[in-house]
Amino acid sequence: MGHLILRVTIKLLFAPILLFALYVQFHGDYGPGGGFQAGVIFAAAFILHALGFGLGSCQRVIPPNWLPVGMALGVLIYMGCGFYTMFLGGNFLDYDVIQPDSTHHAGQHIGIVVVEIGVGLAVAATMLQIFYAFAGREPEPMDDAW
Amino acid sequence: MMMADEQAAVAQAAESVPAVSGPIFVEIFLLALLFATAISMIRMRQLFSVAMLSGIYSLLSAAFFVALDAVDVAFTEAAVGAGISTVLILTGVALTAKWEMPVDRERQILPLAIVIVTGGALFYATLDMPAFGEATAPANAYVGQAYIDQTPTDIDVPNIVTAVLASYRGFDTMGEVVVVFTAGLACLLLLGVGAIRGGGRNDDGEH
């Protein structure tokens with residue numbers, strides 16, 4: 001358990017960080033950001049929570065056995081988008097065939113959003129997985145302080 | 001008459017100089033801070049301080065990328081380098097030693113020589129590089145210019161970086177996602193046996 005001030009600050013910041021991650025995720029077409037950054041920010045919110053309140057309370061929200069599923073699902077969403085465009089008769093990841101004859105390039109926009117969701121899910125799950133793997137181990141007893 | 005000619009010449013010279021995004025002293029200041037942070041990271045023996053300084057180094061790099069108008073790179077550097085990496089290094093430090101072991105003088109000579117030769121080669125290579133932001137530079141002239149020209153008609157998203165990343169080079173980005181996935185998988189295989197069982201502590205060797 002962290003210091004009281006840290007815990008109160010983390011509680012205040014937790015929801016805005018998640019909201020910011022979603023903003024970065026879905027605003028990637030218009031401004032800086034995208035799936036990679038959003039996934040990292042999303043994972044950072046939970047890592048911050050785990051640092052302040054302990055790993056156990058974080059793992060009650062996101063159980064560790066969900067994370068490999070999230071990692072694989074993100075990659076599968078990305079690849080699935082590619083195979084979907086192939087089944088529609090285009091090239092791999094050729095988003096134009098999703099919504100052909102569109103003057104506003106709707107197919108490209110749908111493809112980019114879907115692919116970015118896959119990236120965000122894979123990156124967020126992987127970052128949390130790595131953190132869980134490191135932080136879940138019992139440290140050796142140390143003779144010197146920090 | 002002379003004055004007007006001189007002014008025209010000055011204006012022409014100002015136009016031919018590539019546009020630098022920020023005041024030059026901001027960039028020099030940030031580079032000096034980066035240099036100072038790197039030196040203190042080398043001299044520091046306490047690994048906790050080194051981890052925190054590496055986070056500061058990433059944050060300074062992000063500020064430098066903003067000064068170079070590369071906001072997407074700066075965003076990634078701030079989120080990954082200053083955020084996640086620092087925490088992961090700290091959790092790694094928590095599992096291992098807190099202090100760096102001193103190294104003999106003799107064993108430091110070869111790394112120093114390698115670093116000096118590599119650094120000298122990099123400085124030598126920068127002499128051939130085009131000026132920053134130059135329109136005729138190879139990075140800006142051919143495929144980069146094509147992306148800038150074609151994005152409004154091909155894809156029509158305002159952020160060209162996203163257009164290149166997710167559409168023009170979507171196959172590359174898929175490879176990057178697989179790399180991230182593989183990194184998580186490797187950590188899971190090497191460290192996270194307890195995580196699969198539901199997050200219990202790893203009690204290898206107690207049976």
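Me: How do the elements of chain B run from the N terminus on?
Reply: They run α-α-α-α-α-α-α-α-α-α. That is ten helices and zero strands in chain B. Keep in mind that this is a predicted model.

Me: And what pattern does chain A follow along the sequence?
Reply: Chain A reads α-α-α-α-α. The tally is five helices and zero strands.

Me: How much of chain A is buried?
Reply: Buried residues make up 47% of its 146 residues.

Me: What share of chain B counts as buried?
Reply: For chain B, 28% of the 207 residues count as buried.

Me: Sequence separation next. In chain A, what part of the contacts between residues at least 6 apart joins residues at least 24 apart?
Reply: In chain A, 60% of them do. In chain B, residues 24 or more positions apart account for 46% of the contacts with a separation of 6 or more.

Me: Now the packing between chains. At what angle do helix 4 of chain A and helix 9 of chain B pack?
Reply: About 165°, with the axes 10 Å apart.

Me: Parallel or antiparallel, then?
Reply: Roughly antiparallel, because the angle is over 145 degrees. The crossing of helix 4 of chain A and helix 9 of chain B is left-handed.

Me: Which residues meet there?
Reply: From helix 4 of chain A, they are P68(A), M71(A), A72(A), V75(A), Y78(A) and M79(A). Helix 9 of chain B brings G170(B), T173(B), M174(B), V177(B), V178(B), F181(B), G184(B), L185(B) and L188(B).

Me: How does that contact split by class?
Reply: Twelve nonpolar, three polar and no charged residues.

Me: Helix 5 of chain A packs on helix 9 of chain B too. What are the angle and axis distance for that pair?
Reply: The angle is about 20°, and the axes are 9 Å apart. That makes helix 5 of chain A roughly parallel to helix 9 of chain B, because the angle is under 35 degrees. Their crossing is left-handed.

Me: What residues make that contact?
Reply: On helix 5 of chain A: V119(A), A122(A), V123(A), T126(A), Q129(A), I130(A), A133(A) and F134(A). On helix 9 of chain B: T173(B), V177(B), V180(B), F181(B), G184(B), C187(B) and L188(B). By class, the contact of helix 5 of chain A with helix 9 of chain B has eleven nonpolar, four polar and no charged residues.

Me: Single residues now. Where is Q108(A)?
Reply: Q108(A) is in helix 5 of chain A, residues 106-135.

Me: Buried or exposed?
Reply: Q108(A) is buried, because its relative accessible area is 5%, and the cut-off is under 20%.

Me: What is Q108(A) in contact with, leaving aside neighbours within four places in sequence?
Reply: Y95(A) and D96(A) in chain A, plus D154(B), I155(B) and S167(B) in chain B.

Me: Switching to T37(B). Which helix holds it?
Reply: Helix 2 of chain B, residues 24-43. T37(B) counts as buried at 8% relative accessibility. Beyond neighbours within four places, T37(B) is in contact with L53(B), I56(B), Y57(B) and L60(B).

Me: And where is G52(A) found?
Reply: In helix 2 of chain A, residues 35-53. G52(A) is buried, with a relative accessible area of 2%. K11(A) is 41 residues away along the chain, yet the two C-alpha atoms are separated by 9.1 Å.

Me: What about phi of D69(B)?
Reply: Phi of D69(B) is near 70°, also positive and in a residue other than glycine. D69(B) lies in the loop between helix 3 (47-67) and helix 4 (71-95) of chain B.

Me: Are those two buried or exposed?
Reply: L93(A) is buried, at 6% relative accessible area. D69(B) is exposed, at 59%.

Terms used. Residues are numbered from 1 along each chain as its sequence is written. Chains are lettered from A and ligands numbered from 1 in the order in which they are written. This is a predicted model: local features need pLDDT of at least 70, side-chain atom pairs count only at pLDDT 80 or more; totals for chains, interfaces and linings use all residues. Side-chain values use heavy atoms; hydrogens and water are left out. Axes are lines fitted to C-alpha atoms, for helices over the stretch in contact, and angles run from 0 to 180 degrees between N-to-C directions. Helices (H or I, at least four residues) and strands (E, at least two) are DSSP runs, numbered from the N terminus. Angles under 35 degrees count as roughly parallel, over 145 as roughly antiparallel, 65 to 115 as roughly perpendicular and the rest as oblique. A crossing is left-handed if the near helix is turned anticlockwise from the far one by less than a right angle, and right-handed if clockwise. Contact means heavy atoms within 4.5 Å. Ala, Val, Leu, Ile, Met, Phe, Trp, Tyr, Cys and Pro count as nonpolar, Asp, Glu, Lys and Arg as charged, and the others, Gly among them, as polar. Buried means under 20% relative accessible area, exposed over 50%, partly exposed in between (1.4 Å probe, protein chains only).
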